[in-house]
Amino acid sequence: MRLNGWELLYLVAFLTALFFVLSDGALGTAERTTGTVLLVACLAAYVRLGRRAVGVGYRSWEGRTYVVLLIVLFTPVAIMAPYTRFVLFALCSQCFMMIPKNQAKIAVIIFNVAPGLKFLFVPPSREELTSFLGVTLIVVVFALIFGPWIVDVIGQSRERASLIRELEARRAEVDRLSAERGALAERERLAGEIHDTLAQGFTSIIMLLQQPDARRIELAVQTARENLAEARALITEASPAPLSSATLAEALARITSQFGEELSVSADFEVRGESRATSTKVDVVLLRAAQEALANVRKHARAAAVTVTLEYTPETAVLTLRDDGVGLDPSTAEGSEGYGLRGMRARVEQVGGTLTLTSPPDGGTVLEAAVPTSRPDQGA
């Protein structure tokens, strides 16, 4: 059994009192035997009732039962061997630890006054009365001053333990929700990556093979290889395959040219402003935006010409894609955007950019993604 510090002091006090009782030659054999049995019974009562009462607080019946037993068991010892009354310092403190404050005060007074009952039968000498009153006064004052303080300390400890348990429960809940949110964010990220790369690549392969010729088969094989490279990049969380060995401008120029070859339409790419290196996040966002925009043109626009422009300003990189297709349908307005367009908008906004989709009066569609290039959270 592991003992607390104050329990060790309590045990030492009782063993000391037991030693004094056994070694006191003024006591008869019957008195020493009775004193020993009563002191051992006090320790047994603590092990059986008192220790549990401290652990479960004031609502238990064990605390009240234990205090009553101590009064009954220890009072005869204090009457037979008055010098054992020093143990009252420990017993009075225990009262405040096991029963409510007002009840503990009453128990302290009873503990200290009860040994004086012998004076009703044996008149005390002046020295005995002075010693009894002095010890009683010291113990009662000490107990009534420090007892409530002990109560407050115990209450604060229990409240602190309750708060710690609550905080641990809240922390576990936060960890669980964070893990779920992280898993959801990762699933959304992977879904966006797969949609922007593999799904669009397979769509291109299917379209190329529907009317096969040597050039279309060659393009289909090239697209399949690029899809494989994209899949490997997703697994290793590397940069997108088109950016692995090329700049953003070179990657945009290549996918624009490939788009024109696949659909046999005019597809031009242009860089405006002073070209410069940007962070990996900016490059990935603009590349994915271009891939998704071209995929939408392939599926919906029925365009004959597409122009992709990458413009650098002092603070931003702006991707603009213009086609001469059928223009926007009201059903694609914001609020009913498809998964690809929603994912594109989310990517751009995550790096502090803006995405606009308009249909000019002369027809077609214009998509513009503007991303700041100097944000501190856009590191590679």
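Tutor: Start with contact, which here means heavy atoms within 4.5 Å. This is a predicted model, in which local features need pLDDT of at least 70, side-chain atom pairs count only at pLDDT 80 or more, and totals for chains, interfaces and linings use all residues. Residues are numbered from 1 along each chain as its sequence is written, and side-chain values use heavy atoms, with hydrogens and water left out.

Student: Which residues does Thr-320 touch, not counting residues up to four places away in sequence?

Tutor: Thr-320 touches Thr-307, Val-308 and Thr-309, and also Val-366, Leu-367 and Glu-368. Thr-320 itself belongs to strand β3 (residues 316-323). Helices (H or I, at least four residues) and strands (E, at least two) are DSSP runs, numbered from the N terminus. The protein has eleven helices and five strands.

Student: Is Thr-320 buried or exposed?

Tutor: Buried means under 20% relative accessible area, exposed over 50%, and partly exposed in between, with a 1.4 Å probe and protein chains only. Thr-320 has 18% relative accessibility, so Thr-320 counts as buried. Over the protein, buried residues make up 41% of the 380 residues.

Student: What share of the contacts between residues at least 6 apart in sequence join residues at least 24 apart?

Tutor: The share is 69%.

Student: How do the axes of helices α4 and α5 cross?

Tutor: Axes are lines fitted to C-alpha atoms, for helices over the stretch in contact, and angles run from 0 to 180 degrees between N-to-C directions. For α4 (residues 88-98) and α5 (residues 101-113), the axes come within 8 Å and cross at roughly 160°. Therefore α4 is roughly antiparallel to α5; angles under 35 degrees count as roughly parallel, over 145 as roughly antiparallel, 65 to 115 as roughly perpendicular and the rest as oblique.

Student: Which residues meet there?

Tutor: From α4 come Leu-88, Leu-91, Cys-92, Cys-95 and Phe-96; they meet Lys-101, Ala-104, Lys-105, Ala-107, Val-108, Phe-111 and Asn-112 in α5. The residues of this contact divide into nine nonpolar, one polar and two charged. In that count, Ala, Val, Leu, Ile, Met, Phe, Trp, Tyr, Cys and Pro are nonpolar, Asp, Glu, Lys and Arg are charged, and the others, Gly among them, are polar.

Student: How many residues of α4 are buried?

Tutor: Ten of the eleven residues of α4 are buried, including Ala-90, Ser-93 and Gln-94.

Student: How many salt bridges does a search of the whole structure find?

Tutor: Side chains of opposite charge can pair when their charged atoms come close. A salt bridge is a side-chain nitrogen of Lys or Arg within 4 Å of a carboxyl oxygen of Asp or Glu. The search finds three. One joins Arg-298 to Glu-262, with the closest N and O atoms 3.0 Å apart. Arg-298 lies in helix α10 (residues 280-301) and Glu-262 in helix α9 (residues 248-263), so this pair ties together parts that are 36 residues apart in sequence. Both Arg-298 and Glu-262 are buried.

Student: What separates Arg-170 and Glu-166 in helix α6?

Tutor: An α-helix has 3.6 residues a turn, so residues three or four places apart point the same way. Arg-170 and Glu-166 are four residues apart in helix α6 (residues 126-210), so about one helical turn separates them. Their closest N and O atoms are 3.4 Å apart in the salt bridge. Arg-170 is exposed at 54% relative accessibility, whereas Glu-166 is partly exposed at 37%.
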